[in-house]
There are 2 protein chains.
Amino acid sequence: MSTGSLEALIQALRRLPGVGVKSAQRMAFHLLQHDRAGAQELARALAHATEAVKHCRSCHTFTEHDLCEVCADPARDASVLCVVETPADQAALERSGSYHGLYYVLMGRISPLDGVGASAIGARALLERAADGGVQEVILATSFTAEGEATAHVLSEGLKSLGVRVTRLARGVPAGSELEYVDLSTIAHAMVDRR
Amino acid sequence: MSTGSLEALIQALRRLPGVGVKSAQRMAFHLLQHDRAGAQELARALAHATEAVKHCRSCHTFTEHDLCEVCADPARDASVLCVVETPADQAALERSGSYHGLYYVLMGRISPLDGVGASAIGARALLERAADGGVQEVILATSFTAEGEATAHVLSEGLKSLGVRVTRLARGVPAGSELEYVDLSTIAHAMVDRR
C-alpha cells in the first residue's frame, strides 16, 4: 500500500485517538473500497467543524455562536455554576434532567503526569467567571478519578477564597446496584454521607 | 454536544469501521480541542485520496496510476500470479521478499453471510486475467479462514478449467512456535504435508 495519497490518508487517520497503524489501514481500505461517499462526507464535516466550532464566551464549551444554547437560555438559573471536564460530561448531566443552572466546561482536567496544570484548564478564567455577577454556588462535577479529584481540589481552593459556596456531586451507591458488587471505597463513602 | 457541525462530525466519524458513538465523540473532542491541524490534514487527505486513488488495470489493487508499481515493473515474473484478499496481504507478501511474480488483489473475499459472492470479488476478471497471455501458475494466497478457504475453493474450480497450474500457500507450523502450543488442525496439516 505504497501509493502516496493512500499512505498520507493512513498517516492522517493515525492522528485520531486510539487508532494505530493497523486500524488506520483498515479504515482507509474500508473507505476507499466500500464507502467513498462516507470519506467525502467525513472530509467535509472535518473542514466545516474546524472552521465553525469555537468556544462559548461564558462557559467555554463548543459552540458555533458567541454564547452556547445553555448560556443563552434566560430560563436557566444563573446563580449556580456546574464545573465539568468535557462537553460529554455536560451532556450526561443535561440528559439526567436534574440540573437547571449554568455550566463551566474545563475542556480537560489537571494531570501532572501529562504536564497539564491548573493554568492549562483555564482555572483563572473559571475564577473570573465565578466572581462575575450573581454566582452563589459552584458545583464541582469533575470525574471521581484521581485526576478529577485533584482538579476539584485545586479549583475548590481558589473558589472558596471568592466567598462562593463550593459543593461536590455526592458519592454513593449507584442506582440499580447490589451492595455485594459495589467497591469498598464507594460503600465507605456512602456510609459516611448517609442521610 | 448539540452543535450542528459538531454533531455532523460525530456522525461522519461513525462511518469509520469499528467506531461507535462514544469513540466518535472522543475523536471529535480530541480533534477540536487538541489537534485542529490534524483534523484539517485528515480532511485534505480524505478528499485527495478519494479523488486520486483508483484500481490498477491489471491487478486491481489501489494505485494512482493506470498500472500499479508492481505490475509496471518489467523485472517481475509475469508467468506467476498470486491471488490475495487485500492490499495489506499483498504488502505482507512483499515484505517477506519470497515472491517475485505478479499479483491479483480481490479486494474482498467470498462471504455468503454478508451476501458477498464470487461476482462481487471479481472472479470473472481474475479468470480473464489468468487466461490473458503467459500466466502459467496461479498461487491462491487468500486467508486460512473459513471465508478465505471458500474463496480459494471457488476460484480454483474456475482456474483449473483454464488449464493453468493452481497452487495454495503451504499450511504448517509457524516459524518460532513450540508444537505444544500449536493448534491440532495445524499440526495435522503439517503432518500430512511433511517433506
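Mentor: Chain B and chain A bury about 4,600 Å² between them, 65% of it given by carbon and sulfur atoms. Buried area is the accessible area (1.4 Å probe) that two parts lose on being put together, summed over both. In chain B, the residues that lose the most area to chain A are Arg15(B), Leu46(B) and Phe62(B), together 14% of what that side buries. This is a predicted model, in which local features need pLDDT of at least 70 and side-chain atom pairs count only at pLDDT 80 or more, while totals for chains, interfaces and linings use all residues. Residues are numbered from 1 along each chain as its sequence is written, chains are lettered from A and ligands numbered from 1 in the order in which they are written, and side-chain values use heavy atoms, with hydrogens and water left out.

Trainee: How many residues does the contact take from each chain?
Mentor: Chain B gives 50 residues and chain A gives 50 residues, where contact means heavy atoms within 4.5 Å.

Trainee: And how many salt bridges are there between the two chains?
Mentor: There are 4 between chain B and chain A, a salt bridge being a side-chain nitrogen of Lys or Arg within 4 Å of a carboxyl oxygen of Asp or Glu. In one of them, Arg15(A) pairs with Asp35(B), with the closest N and O atoms 2.9 Å apart.

Trainee: Which element gives the largest share of chain B's side?
Mentor: H3(B) does, with 15 residues. Helices (H or I, at least four residues) and strands (E, at least two) are DSSP runs, numbered from the N terminus.

Trainee: What about Arg15(B), which partner does its side chain meet in a salt bridge?
Mentor: The partner is Glu41(A), at 2.5 Å from N to O. Glu41(A) lies in helix H3 of chain A and Arg15(B) in the loop between H1 and H2 of chain B, so this pair joins two chains.

Trainee: New topic: how many aromatic pairs are there over all chains?
Mentor: A search of the whole structure finds 4. Rings of Phe, Tyr and Trp (its six-membered ring) pair if their centres lie within 6.5 Å; planes under 30 degrees apart count as stacked, over 60 as edge-to-face and the rest as tilted. Phe29(A) and Phe62(B) have ring centres 5.9 Å apart and planes at 65°, so they are edge-to-face.

Trainee: Where do those two residues lie?
Mentor: Phe29(A) is in helix H2 of chain A and Phe62(B) in strand E2 of chain B, so the pair joins two chains.
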